[in-house]
Amino acid sequence: MKRFFYFKLFLFIFLSIQGYDARATLVFKGSGGYTTFDHSESEIAYSRMQGSFFVGAGIGRNAYIILGPSYSLWNKSHKPASSTAEEVAITEFGATLLIYFSRSKNWKFEVTYCPNITGTRTTSGTEEDLLGSSYSADFGYHMNLTETFILGASIGYHSTTLSQKIVSNTESTISESYTQIIPKLEVALRF
């Protein structure tokens, strides 16, 4: 229910910004990253994949600041030595603020906050439903291939804080976090 409220709020802000300036910038951006680590001698294996989608509208005449809703999902698999693998899958919906530093709109800084996230985690064969929040900060570069088509790359810090888990309909409060620095490739359309 809270997700629907946030979606309506972002849609209202988005449409309000568009009504403010008929020449406002629109950005549709998808990004993804993958990291992996495998050490066969100690039998430690780790992998993480992250993907996100962002739709934003420019604020102001020059539109160096873009604001809008974002949706991302990530999953992680970690297998310590002589132990069963831990698998996590998280879905995040929130707001993203993208700021361009240069007149050509190439260098950028991006901040995303997701107040309500959901996911699942399997540890030692036990499946848990997870609730919490997250934020991320990315620094990157957008290269204009055409007037509207953009390829880019960024490096980002991502932090997820888990506040609640549900196992067999039993809720419990937890305080855990996952953090990661992850490189990403980006594809965007900017109008």
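The legends below describe close-up views of a predicted model.

**View 1. Strands β3 and β4 lie side by side as an antiparallel pair.** Strand β3 covers residues 65–79 and strand β4 covers residues 86–100, and the two are joined in the antiparallel sense over 14 bridges. One place to look for this pairing is leucine 67, which stands opposite leucine 97 in β4.

**View 2. Strand β4 also pairs with strand β5, again in the antiparallel sense.** Here 13 bridges connect β4 to β5, a strand that takes in residues 107–123, and isoleucine 90 is found opposite glycine 119 in β5. In the hairpin that these strands form, 6 residues lie between β4 and β5, and lysine 105 takes a positive phi near 55 degrees.

**View 3. Glutamate 110 and lysine 29 form a salt bridge.** Side chains of opposite charge can pair when their charged atoms come close. In this pair the closest N and O atoms are 3.2 Å apart; the structure holds 9 salt bridges. The pair links distant parts of the chain, since glutamate 110 belongs to strand β5 and lysine 29 to strand β1 (residues 26–39), with 81 residues separating them. Are these two residues buried or exposed? Glutamate 110 has a relative accessible area of 6% and is therefore buried, the cut-off being under 20%, and lysine 29, at 2% relative accessibility, counts as buried by that cut-off.

**View 4. Lysine 108 and glutamate 186 form a salt bridge.** The closest N and O atoms of this pair are 3.2 Å apart.

**View 5. Lysine 184 and aspartate 138 meet through their side chains in a salt bridge.** The distance from N to O in this pair is 2.8 Å. Distant parts of the chain are linked here, with lysine 184 in strand β8 and aspartate 138 in strand β6 (residues 126–144), 46 residues apart. Both lysine 184 and aspartate 138 are buried.

**View 6. Several charged residues belong to one network.**

Terms used
Residues numbered from 1 in each chain as written. Predicted model: local features only at pLDDT ≥ 70, side-chain atom pairs only at ≥ 80, totals over all residues. Heavy atoms only, no water. Pairing = 2+ DSSP bridges. Helix = DSSP H or I, 4+ residues; strand = E, 2+ residues; numbered from the N terminus. Salt bridge = Lys/Arg side-chain N within 4 Å of Asp/Glu carboxyl O. Buried < 20%, exposed > 50% of the residue type's maximum accessible area, 1.4 Å probe, protein only.
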